[in-house]
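Me: I am new to reading protein models. Please take me through this one by question and answer.

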Amino acid sequence: MMRLLTFLSCIGLICAASLVNPDADDRVIGGENAKPNTWKWQVSLQYDSYNGGYFGHICGGSLIDAFHVMTAAHCILSMDPRLYQVVLGEYNLDEDDGSEQYCRVERIIVHPAWNGQLGNGNDIAILKLADGVYDNGFVAIGNLPAPGQTLPHGFECFITGWGVMGYEGVTHPSILQVAAIPVVEHSVCSQPNWWGSIALESMVCAGGDGVISGCQGDSGGPLNCYTDGAWRVHGVVSYGPSGRCNQVTKPTVFTRVSFFEDWIYSVLASSRR
(Lines give C-alpha, C1' and ligand atoms only; values in the text may rest on other atoms or scores of the structure.)
Protein backbone atom coordinates (compact mmCIF):
# COMPACT_ATOMS: atom_id res chain seq x y z
CA MET A 1 0.00 0.00 0.00
CA MET A 2 2.75 2.37 -0.31
CA ARG A 3 0.78 5.42 0.51
CA LEU A 4 1.81 8.95 0.13
CA LEU A 5 1.40 10.32 3.44
CA THR A 6 1.68 13.37 5.35
CA PHE A 7 3.94 11.86 7.77
CA LEU A 8 5.59 8.63 7.28
CA SER A 9 2.96 6.14 7.47
CA CYS A 10 3.12 4.68 4.13
CA ILE A 11 4.81 6.03 1.14
CA GLY A 12 5.44 9.59 1.04
CA LEU A 13 7.71 10.82 3.68
CA ILE A 14 8.24 14.47 3.75
CA CYS A 15 8.48 15.05 7.36
CA ALA A 16 6.91 13.10 10.06
CA ALA A 17 3.48 13.94 9.06
CA SER A 18 3.17 13.96 5.41
CA LEU A 19 3.86 10.75 3.67
CA VAL A 20 1.90 7.91 2.31
CA ASN A 21 -1.76 7.36 1.70
CA PRO A 22 -2.80 4.13 3.38
CA ASP A 23 -5.96 3.79 1.38
CA ALA A 24 -4.40 3.77 -2.04
CA ASP A 25 -3.01 0.76 -3.84
CA ASP A 26 0.56 1.36 -4.93
CA ARG A 27 1.84 0.64 -8.39
CA VAL A 28 5.10 0.98 -10.27
CA ILE A 29 5.30 4.30 -12.14
CA GLY A 30 7.40 4.39 -15.30
CA GLY A 31 7.45 0.62 -15.67
CA GLU A 32 6.06 -1.92 -18.11
CA ASN A 33 4.21 -5.21 -18.04
CA ALA A 34 6.39 -7.92 -16.55
CA LYS A 35 6.87 -11.05 -18.62
CA PRO A 36 4.61 -13.89 -17.47
CA ASN A 37 6.15 -16.37 -15.03
CA THR A 38 8.92 -14.04 -13.87
CA TRP A 39 9.55 -12.58 -10.40
CA LYS A 40 8.01 -15.76 -9.01
CA TRP A 41 8.46 -14.76 -5.35
CA GLN A 42 6.24 -11.68 -5.78
CA VAL A 43 2.89 -12.05 -4.04
CA SER A 44 -0.33 -10.08 -3.90
CA LEU A 45 -1.41 -9.43 -0.33
CA GLN A 46 -5.20 -9.13 -0.27
CA TYR A 47 -7.56 -7.89 2.43
CA ASP A 48 -11.22 -8.46 3.21
CA SER A 49 -12.21 -4.95 4.29
CA TYR A 50 -15.77 -5.82 5.31
CA ASN A 51 -15.23 -9.39 6.49
CA GLY A 52 -17.57 -10.50 3.73
CA GLY A 53 -15.39 -13.00 1.91
CA TYR A 54 -14.19 -10.60 -0.81
CA PHE A 55 -10.44 -9.98 -0.90
CA GLY A 56 -8.86 -7.05 -2.75
CA HIS A 57 -5.20 -6.29 -3.43
CA ILE A 58 -3.66 -3.88 -0.93
CA CYS A 59 0.09 -4.60 -0.98
CA GLY A 60 2.87 -6.69 -2.40
CA GLY A 61 5.12 -9.13 -0.62
CA SER A 62 7.81 -11.73 -1.14
CA LEU A 63 7.73 -15.46 -0.47
CA ILE A 64 10.78 -16.22 1.70
CA ASP A 65 10.11 -19.88 2.43
CA ALA A 66 7.31 -22.36 1.82
CA PHE A 67 5.28 -21.05 4.77
CA HIS A 68 6.26 -17.38 5.10
CA VAL A 69 5.75 -14.11 3.24
CA MET A 70 7.63 -10.88 3.97
CA THR A 71 5.81 -7.56 3.57
CA ALA A 72 5.70 -4.06 5.09
CA ALA A 73 4.39 -3.52 8.62
CA HIS A 74 2.26 -0.61 7.42
CA CYS A 75 0.37 -3.05 5.19
CA ILE A 76 -1.06 -4.72 8.28
CA LEU A 77 -4.46 -3.09 8.76
CA SER A 78 -5.68 -5.63 11.30
CA MET A 79 -4.00 -8.33 13.35
CA ASP A 80 -6.83 -10.74 12.51
CA PRO A 81 -5.22 -13.19 10.04
CA ARG A 82 -8.65 -14.28 8.76
CA LEU A 83 -8.99 -10.95 6.95
CA TYR A 84 -6.01 -11.64 4.67
CA GLN A 85 -5.13 -13.93 1.85
CA VAL A 86 -1.86 -14.24 -0.05
CA VAL A 87 -1.94 -14.98 -3.77
CA LEU A 88 1.18 -16.54 -5.27
CA GLY A 89 1.79 -17.12 -8.96
CA GLU A 90 -0.35 -14.05 -9.67
CA TYR A 91 0.08 -12.08 -12.88
CA ASN A 92 -3.21 -10.47 -13.95
CA LEU A 93 -5.31 -9.44 -10.97
CA ASP A 94 -8.45 -9.36 -13.10
CA GLU A 95 -8.12 -12.86 -14.54
CA ASP A 96 -7.68 -16.40 -13.34
CA ASP A 97 -4.40 -17.27 -15.01
CA GLY A 98 -4.41 -20.87 -13.77
CA SER A 99 -1.07 -20.24 -12.08
CA GLU A 100 -2.33 -18.85 -8.78
CA GLN A 101 -2.16 -20.36 -5.32
CA TYR A 102 -4.52 -18.78 -2.79
CA CYS A 103 -3.21 -19.10 0.74
CA ARG A 104 -4.82 -18.38 4.08
CA VAL A 105 -2.79 -16.51 6.68
CA GLU A 106 -2.35 -18.25 10.03
CA ARG A 107 -0.27 -15.73 11.94
CA ILE A 108 1.00 -12.16 11.56
CA ILE A 109 4.36 -11.15 13.04
CA VAL A 110 5.14 -7.42 12.95
CA HIS A 111 8.61 -6.19 13.86
CA PRO A 112 8.51 -5.36 17.58
CA ALA A 113 10.05 -1.91 17.04
CA TRP A 114 7.46 -0.81 14.46
CA ASN A 115 5.50 2.10 15.92
CA GLY A 116 3.45 3.18 12.91
CA GLN A 117 5.82 5.98 11.92
CA LEU A 118 7.56 5.34 8.61
CA GLY A 119 10.37 7.72 9.40
CA ASN A 120 11.38 5.60 12.39
CA GLY A 121 11.89 2.54 10.22
CA ASN A 122 11.29 -1.10 11.16
CA ASP A 123 8.57 -1.24 8.48
CA ILE A 124 8.61 -5.01 8.06
CA ALA A 125 6.29 -7.90 8.89
CA ILE A 126 6.13 -11.64 8.23
CA LEU A 127 2.99 -13.63 7.52
CA LYS A 128 2.88 -17.32 8.33
CA LEU A 129 0.71 -19.20 5.85
CA ALA A 130 -1.76 -21.80 7.04
CA ASP A 131 -0.65 -24.25 4.35
CA GLY A 132 2.69 -24.60 2.62
CA VAL A 133 3.21 -23.41 -0.93
CA TYR A 134 3.94 -26.04 -3.58
CA ASP A 135 6.04 -25.77 -6.71
CA ASN A 136 3.60 -25.49 -9.60
CA GLY A 137 6.17 -23.91 -11.92
CA PHE A 138 4.91 -20.38 -11.23
CA VAL A 139 6.15 -19.88 -7.67
CA ALA A 140 9.65 -19.63 -6.22
CA ILE A 141 11.19 -18.73 -2.89
CA GLY A 142 12.97 -15.38 -2.93
CA ASN A 143 16.64 -15.34 -2.02
CA LEU A 144 17.79 -12.91 0.65
CA PRO A 145 21.05 -10.91 0.55
CA ALA A 146 24.04 -11.46 2.77
CA PRO A 147 23.47 -10.09 6.30
CA GLY A 148 24.47 -6.44 6.51
CA GLN A 149 25.04 -6.14 2.76
CA THR A 150 24.63 -2.71 1.18
CA LEU A 151 24.60 -1.82 -2.50
CA PRO A 152 26.68 0.88 -4.21
CA HIS A 153 25.26 4.10 -5.59
CA GLY A 154 23.72 3.58 -9.02
CA PHE A 155 23.43 -0.21 -8.71
CA GLU A 156 20.54 -1.31 -10.93
CA CYS A 157 17.69 -3.14 -9.24
CA PHE A 158 14.08 -3.76 -10.27
CA ILE A 159 10.86 -2.82 -8.52
CA THR A 160 7.77 -4.94 -9.15
CA GLY A 161 4.13 -4.59 -8.16
CA TRP A 162 0.54 -3.72 -9.00
CA GLY A 163 0.66 -0.18 -7.61
CA VAL A 164 -0.61 3.03 -9.17
CA MET A 165 0.99 3.66 -12.55
CA GLY A 166 0.23 7.35 -12.78
CA TYR A 167 -0.77 9.36 -9.75
CA GLU A 168 -2.88 11.74 -11.77
CA GLY A 169 -6.01 9.80 -12.59
CA VAL A 170 -4.93 7.00 -10.26
CA THR A 171 -4.44 4.36 -12.93
CA HIS A 172 -4.25 0.88 -11.42
CA PRO A 173 -2.73 -1.91 -13.50
CA SER A 174 -4.13 -5.40 -13.72
CA ILE A 175 -0.85 -6.91 -14.90
CA LEU A 176 2.27 -7.05 -12.75
CA GLN A 177 4.55 -4.11 -13.51
CA VAL A 178 8.36 -3.99 -13.46
CA ALA A 179 10.86 -1.15 -13.79
CA ALA A 180 14.62 -0.79 -13.48
CA ILE A 181 15.48 1.54 -10.61
CA PRO A 182 18.98 2.58 -9.47
CA VAL A 183 20.06 2.52 -5.83
CA VAL A 184 20.74 5.87 -4.16
CA GLU A 185 23.36 5.37 -1.47
CA HIS A 186 22.60 6.49 2.08
CA SER A 187 25.08 9.39 2.03
CA VAL A 188 23.08 10.91 -0.86
CA CYS A 189 19.56 9.93 0.17
CA SER A 190 20.05 11.39 3.65
CA GLN A 191 21.06 14.82 2.34
CA PRO A 192 18.63 17.64 3.26
CA ASN A 193 17.39 18.14 -0.31
CA TRP A 194 16.70 14.40 -0.61
CA TRP A 195 15.03 12.60 2.32
CA GLY A 196 17.24 14.05 5.03
CA SER A 197 17.22 12.52 8.50
CA ILE A 198 14.28 10.20 7.82
CA ALA A 199 16.42 8.16 5.42
CA LEU A 200 17.96 5.71 7.88
CA GLU A 201 20.77 3.23 7.39
CA SER A 202 18.19 0.49 7.90
CA MET A 203 16.59 1.59 4.61
CA VAL A 204 17.48 1.46 0.91
CA CYS A 205 16.63 4.35 -1.40
CA ALA A 206 16.16 3.80 -5.14
CA GLY A 207 15.04 6.09 -7.95
CA GLY A 208 14.57 9.81 -7.46
CA ASP A 209 14.85 10.69 -11.16
CA GLY A 210 11.27 11.95 -11.38
CA VAL A 211 10.34 9.17 -13.80
CA ILE A 212 10.37 5.76 -12.12
CA SER A 213 9.08 5.04 -8.64
CA GLY A 214 6.89 2.84 -6.55
CA CYS A 215 3.47 4.17 -5.63
CA GLN A 216 0.25 3.29 -3.85
CA GLY A 217 -0.25 -0.47 -4.00
CA ASP A 218 3.42 -1.40 -4.34
CA SER A 219 4.04 -1.27 -0.59
CA GLY A 220 5.47 -4.42 0.91
CA GLY A 221 6.75 -5.62 -2.46
CA PRO A 222 10.33 -6.45 -3.31
CA LEU A 223 13.35 -4.51 -4.48
CA ASN A 224 14.91 -7.18 -6.70
CA CYS A 225 18.67 -7.00 -7.23
CA TYR A 226 21.04 -9.46 -8.90
CA THR A 227 23.90 -10.01 -6.44
CA ASP A 228 26.22 -12.90 -5.68
CA GLY A 229 24.98 -14.88 -8.65
CA ALA A 230 21.25 -14.77 -7.96
CA TRP A 231 18.22 -12.50 -7.82
CA ARG A 232 17.73 -11.41 -4.22
CA VAL A 233 15.13 -9.39 -2.35
CA HIS A 234 17.16 -6.46 -1.00
CA GLY A 235 14.26 -4.25 0.01
CA VAL A 236 10.60 -4.03 1.04
CA VAL A 237 8.70 -1.04 -0.37
CA SER A 238 8.02 1.34 2.53
CA TYR A 239 7.39 4.97 1.59
CA GLY A 240 7.70 7.73 -0.96
CA PRO A 241 6.71 11.38 -1.41
CA SER A 242 3.22 12.61 -0.73
CA GLY A 243 1.40 13.86 -3.79
CA ARG A 244 3.05 12.62 -6.97
CA CYS A 245 5.04 9.45 -6.32
CA ASN A 246 7.75 10.08 -8.93
CA GLN A 247 9.44 13.25 -7.69
CA VAL A 248 13.02 14.31 -8.33
CA THR A 249 15.31 13.69 -5.32
CA LYS A 250 12.51 11.87 -3.52
CA PRO A 251 13.29 8.23 -4.31
CA THR A 252 11.20 5.28 -3.23
CA VAL A 253 12.39 4.11 0.18
CA PHE A 254 12.59 0.42 1.07
CA THR A 255 13.17 -1.39 4.33
CA ARG A 256 16.69 -2.85 3.94
CA VAL A 257 16.32 -6.61 4.24
CA SER A 258 19.98 -7.26 5.07
CA PHE A 259 19.63 -5.06 8.17
CA PHE A 260 16.83 -7.23 9.56
CA GLU A 261 18.01 -10.73 8.74
CA ASP A 262 18.71 -11.76 12.34
CA TRP A 263 15.09 -10.93 13.16
CA ILE A 264 13.76 -12.56 9.99
CA TYR A 265 15.57 -15.84 10.62
CA SER A 266 14.60 -15.85 14.29
CA VAL A 267 10.94 -15.52 13.28
CA LEU A 268 11.23 -18.35 10.78
CA ALA A 269 12.99 -20.60 13.29
CA SER A 270 10.47 -20.00 16.07
CA SER A 271 7.56 -20.39 13.67
CA ARG A 272 8.72 -23.87 12.64
CA ARG A 273 8.75 -25.21 16.20
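Me: What should I know before reading the values?
Reply: This is a predicted model, in which local features need pLDDT of at least 70, side-chain atom pairs count only at pLDDT 80 or more, and totals for chains, interfaces and linings use all residues. Residues are numbered from 1 along each chain as its sequence is written, and side-chain values use heavy atoms, with hydrogens and water left out.

Me: How many residues of strand S9 are buried?
Reply: Strands (E, at least two residues) are DSSP runs, numbered from the N terminus. Buried means under 20% relative accessible area, exposed over 50%, and partly exposed in between (1.4 Å probe, protein chains only). Strand S9 covers residues 125–129 and is mostly covered, and the number of its residues that are buried is five of five.

Me: Which residues of S9 point the other way from Ala-125, Leu-127 and Leu-129?
Reply: In a regular strand the side chains alternate between the two faces of the sheet. In S9, Ala-125, Leu-127 and Leu-129 point one way. The residues that point the other way, also buried, are Ile-126 and Lys-128.

Me: What is the relative accessibility of Ile-126, and why does it count as buried?
Reply: Ile-126 has its place in strand S9. The cut-off for buried is under 20%. Ile-126 counts as buried because its relative accessibility is 0%.

Me: How far apart are the C-alpha atoms of Ile-126 and His-111?
Reply: Along the chain, Ile-126 and His-111 are 15 residues apart.

Me: Which residue stands opposite Leu-127 in S9?
Reply: Two strands pair if DSSP finds at least two bridges between them. Strand S6 (residues 68–71) is joined to S9 by four bridges, and the two run antiparallel. The residue opposite Leu-127 is Val-69.

Me: Which residue stands opposite Lys-128 in S9?
Reply: S9 also pairs with S8 in the antiparallel sense, over five bridges. The residue opposite Lys-128 is Arg-107.

Me: How many salt bridges does a search of the whole structure find?
Reply: A salt bridge is a side-chain nitrogen of Lys or Arg within 4 Å of a carboxyl oxygen of Asp or Glu. One of them joins the side chains of Asp-80 and Arg-82, at 3.0 Å from N to O. The number found in the whole structure is three.

Me: How many residues apart are Asp-131 and Arg-104?
Reply: The side chains of Asp-131 and Arg-104 meet in a salt bridge of 3.2 Å, N to O. This pair links distant parts of the chain, with Asp-131 in the loop between S9 and strand S10 (156–161) and Arg-104 in strand S8.

Me: Is Lys-128, which meets Glu-106 in a salt bridge, buried or exposed?
Reply: The side chains of Glu-106 and Lys-128 meet at 3.5 Å, N to O. The pair links distant parts of the chain, Glu-106 in strand S8 and Lys-128 in strand S9, 22 residues apart. Glu-106 counts as partly exposed at 42% relative accessibility. At 16% relative accessibility, Lys-128 counts as buried.

Me: Why is strand S5 described as largely enclosed by the rest of the structure?
Reply: Strand S5 covers residues 56–65. The strand is described as largely enclosed because the number of its 10 residues that are buried is nine.

Me: How many residues lie between S5 and S6 in their hairpin?
Reply: S5 is joined to S6 by three bridges, and the two strands run antiparallel. Within this pairing, Ser-62 stands opposite Met-70 in S6. The number of residues between the two strands of the hairpin is two.

Me: In S15, which residue is the bridge partner of Val-204?
Reply: Strand S12 (residues 203–206) has Met-203 and Cys-205 pointing one way and Val-204 and Ala-206 the other, and all are buried. Four bridges join S12 to strand S15 (residues 252–256), and these strands run antiparallel. The partner of Val-204 is Phe-254.

Me: Which residues form the negative surface patch?
Reply: A patch is made of residues with over 30% relative accessible area and no salt bridge, with like charges joined within 9 Å and nonpolar side chains (Val, Leu, Ile, Met, Phe, Trp, Tyr) within 5 Å. Asp-94 counts as exposed, at 62% relative accessibility, and lies in the loop between strand S7 (84–88) and strand S8 (101–110). The patch is formed by Asp-94, Glu-95, Asp-96 and Asp-97.

Definitions and conventions. Accessible areas come from the Shrake-Rupley method with a 1.4 Å probe; for residues, only the protein chains shown count as cover. Lys and Arg count as positive and Asp and Glu as negative; His and the chain ends are not counted. The place of a charge is taken as NZ of Lys, CZ of Arg, CG of Asp or CD of Glu.
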